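My notes follow in the order I looked things up.

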Amino acid sequence: MTEPSQAEVLEQRVLATWGLREPPFADMATDAFFFPSEQHVRALDFMRCILCSRTMVGVMTGDAGVGKTLLVRTLLAELDDRILVAHVQRADLEPRDFLNDILEQFGLLLGQDDRTDRRLLLSRYLTHQVGTGRICFVIIENAQRMKPAVLEELRLIGLLENEGSRVVKLLLMGDPTLHRVISSPKLQEVVRTDTPRMHINGLSEDQLAAYVAHRLRVSGATDADRVLSANVMPALKRLSRGAPALVNRLCAKALGIAAQNGEVIVTVTAILQAAKELGLDTSVAAATVGKGDGSNTDDATLLVSVNGGVDSVIKLKSATMLIGRGDQVDVQINSAFVSHYHAVLVREPTQDLLIDLGSTNGVLVNTQRISRRALKHRDLIQIGPARISYLNPSQQPATPAPDTSETISFARPGALKSADNERTLFAFGRFDDAG
C-alpha cells in the first residue's frame with residue numbers, strides 16, 4: 001500500500017479540522033462552487049448576448065485570476081448542440097497548431113503529416129454549419145499574448161462570409177492590454193470601435209467575504225465565519241486584489257498553515273505567512289492590517305491604483321494634499337481625464353475633507369459624484385482612471401453618524417454656471433460656499 005504524500009496528509013488534516021467534505025479552494029472545483037457575483041453574472045449575460053444577437057464579435061477583459069475561464073465553462077454547460085464551440089486557451093501556438101486546435105474541437109482530426117489546407121477546410125466547415133442553422137462560436141483566451149501570425153489567422157476567420165454575412169462569432173478574452181492589440185489597423189476590420197466590450201473587476205471586500213463563505217459552505221462548513229472571519233478580509237483583499245484564483249491559493253495555503261499549528265480559526269498571521277510562501281508582496285497588506293492581528297495602522301493612508309494593482313502607498317502627513325495632473329501636486333494622475341488641479345484633501349483635527357476643485361470630470365466617492373466629503377475609512381475615491389482607497393480606522397466612529405457637511409453633486413460636466421461664476425448644482429446635506 002502506497003504511503004500518502006505530505007500534501008495528502010495535510011489535506012486530510014484540513015478536512016478533519018473543520019469537518020469539510022472536500023477542499024473548499026481547489027483549482028478544479030465543481031460547478032457548485034461558482035459564485036454569482038454581480039460582475040460575473042453580468043459577464044455571463046454579456047456572453048449570452050453575443051450568442052443570441054446579431055453581434056458577431058465581443059471583447060472581454062479582466063486581470064489574471066478574475067475567473068474568465070470558469071465563466072466560459074459555466075456558459076458552455078448551458079449550450080445545446082445547435083451551438084458549436086471552439087475554446088482556444090493556449091497563447092503559444094503557431095498558426096498551423098492554432099487552426100488544428102479549432103478544427104479538432106469542431107470534430108475534424110488531421111494528422112501532423114496531413115497537407116490539407118486547414119484554413120480552407122475550416123472555412124468550408126463553418127460555411128456549411130451556418131447553412132444548416134447552427135451557430136459557430138470561437139472563444140479565444142489570452143488573445144493579447146498570441147503571435148502576430150496567429151492574430152492574422154484570427155482576423156481571416158473573423159472575416160469569413162457566406163452570402164454577405166459573417167459565419168463565425170468571436171469572443172476575445174484577455175487582460176486589459178488586449179485593447180492595444182485589437183486596435184491595430186488589421187484587427188480593426190474585425191473588432192470595430194462599436195464592438196461590445198466588457199471588463200471584469202476583482203471582487204470587492206464584501207463580495208470576497210461572501211465568496212469565501214460560499215465555498216466553505218459548499219464544501220461542508222457549518223459555520224464559515226468561524227473558519228475565515230471578517231478580520232482577515234482586508235488583508236485577503238489587498239493581497240489578492242479581489243482575484244478569485246489568488247484568493248483560492250491564499251486561503252488553501254492559510255488553511256493548511258492553521259491546521260498544522262492546531263488552530264481552528266484562520267488568522268491574519270496565517271494569511272500573511274501564506275502570502276510569503278506564495279512569493280507575494282505583503283507590504284501593502286501590512287499597511288492595512290498593522291501588526292497582523294486584524295487591526296489597522298493609525299496613520300491615514302491612500303492606496304493609489306491606476307493599472308489594476310496598487311501603484312503607490314501614500315501616508316497623509318501634510319495639512320493639504322493636492323491631487324491632479326500637474327507637476328506640483330502631491331498625488332499625480334497622468335491622464336487627460338484629470339484636471340491640472342483636480343481635488344484637494346484637507347486634514348483637520350477630527351476629519352479629512354476631500355474637495356473637488358471645480359474639475360471637468362468630477363470626483364466620485366463610492367460611485368457618487370461629490371463636491372465635498374468628510375472621508376471615512378475604506379472610502380473608494382475615483383478620479384479619472386485612478387482608484388484611490390482611503391484607509392484611516394482611527395477616524396472610523398464606533399456608531400457611524402451622518403455627515404452633515406457632505407455634498408453630493410448632481411451637476412453634469414459642463415453644466416451652466418450661476419452669476420457669481422459658481423457651478424449650479426443640486427445637493428443633499430449642507431453646501432458651504434466658503435469651503
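This is a predicted model: local features need pLDDT of at least 70, side-chain atom pairs count only at pLDDT 80 or more; totals for chains, interfaces and linings use all residues.

**Notebook: a walk through the chain**

I started at His-377, which is buried, with a relative accessible area of 10%. Its place is the loop between S15 and strand S16 (379–383).

**Overall tally**

I looked up the overall make-up next. The protein chain has 12 helices and 18 strands. Of its 435 residues, 46% are buried. I also wanted to know how far along the sequence the contacts reach. Taking contacts between residues at least 6 apart in sequence, 60% join residues at least 24 apart.

**The largest core**

Which residues touch the most other members of the largest nonpolar core? I found Trp-18, Val-212, Leu-216, Leu-228, Leu-236, Val-266 and Ile-271, out of 38 residues in that core. Then I traced where the core residues come from. At least two each are supplied by helix H1 (6–18), helix H8 (205–218), helix H9 (233–240), helix H10 (244–260) and helix H11 (268–277). H10 gives the most, with 9 residues. As a general note, nonpolar side chains tend to be buried together in soluble globular proteins.

Leaving out residues up to four places away in sequence, Leu-236 touches Leu-208, Val-212, Val-247, Leu-250, Cys-251 and Ile-271. There is another core apart from this one, made of 36 residues, and Ala-91, Leu-110, Leu-122 and Leu-151 are among them.

**H8 against H9**

I went on to the packing of two of these helices. H8 and H9 pack at an angle of about 105°, and their axes are 10 Å apart. That angle makes H8 roughly perpendicular to H9. On the H8 side I listed Glu-205, Leu-208, Ala-209 and Val-212 as making the contact. On the H9 side the list is Met-233, Pro-234, Leu-236, Lys-237 and Ser-240. Sorted by class, the contact has 6 nonpolar, 1 polar and 2 charged residues.

**A glycine in H10**

I stopped at Gly-256, which is found in helix H10. Gly-256 is buried, at a relative accessible area of 5%. What does Gly-256 contact, leaving aside its neighbours within four places in sequence? I get Leu-10 and Val-14. I also noted Ala-274, which is 18 residues from Gly-256 along the chain, with 8.9 Å between the two C-alpha atoms.

**Positive phi angles**

Arg-241 has a phi of about 55° and is not a glycine. Arg-241 is in the loop between H9 and H10, and it is partly exposed, with a relative accessible area of 43%.

The other entry is Asn-366, with a positive phi near 55°. Asn-366 is in the loop between strand S14 (363–365) and strand S15 (368–374). Its relative accessible area is 34%, so I put Asn-366 down as partly exposed.

**Another loop: Val-306**

The place of Val-306 is the loop between strand S8 (301–305) and strand S9 (312–315). Val-306 is partly exposed, with a relative accessible area of 36%. Val-306 and Arg-387 are 81 residues apart in sequence, yet 6.4 Å apart in space from C-alpha to C-alpha.

**Cysteines**

Last, I checked the cysteines. How many disulfides does the count come to? I get 0 disulfides. The cut-off I went by is sulfur atoms within 2.5 Å. For Cys-49, the closest cysteine sulfur is in Cys-52, and at 7.2 Å that is too far for a bond. Cys-49 counts as partly exposed, at 48% relative accessibility. Cys-136, on the other hand, is buried, with a relative accessible area of 1%.

Conventions. Residues are numbered from 1 along each chain as its sequence is written. Side-chain values use heavy atoms; hydrogens and water are left out. A nonpolar core is a set of buried Ala, Val, Leu, Ile, Met, Phe, Trp, Tyr and Cys residues joined through side-chain atoms within 4.5 Å. Buried means under 20% relative accessible area, exposed over 50%, partly exposed in between (1.4 Å probe, protein chains only). Helices (H or I, at least four residues) and strands (E, at least two) are DSSP runs, numbered from the N terminus. Contact means heavy atoms within 4.5 Å. Axes are lines fitted to C-alpha atoms, for helices over the stretch in contact, and angles run from 0 to 180 degrees between N-to-C directions. Angles under 35 degrees count as roughly parallel, over 145 as roughly antiparallel, 65 to 115 as roughly perpendicular and the rest as oblique. Ala, Val, Leu, Ile, Met, Phe, Trp, Tyr, Cys and Pro count as nonpolar, Asp, Glu, Lys and Arg as charged, and the others, Gly among them, as polar.
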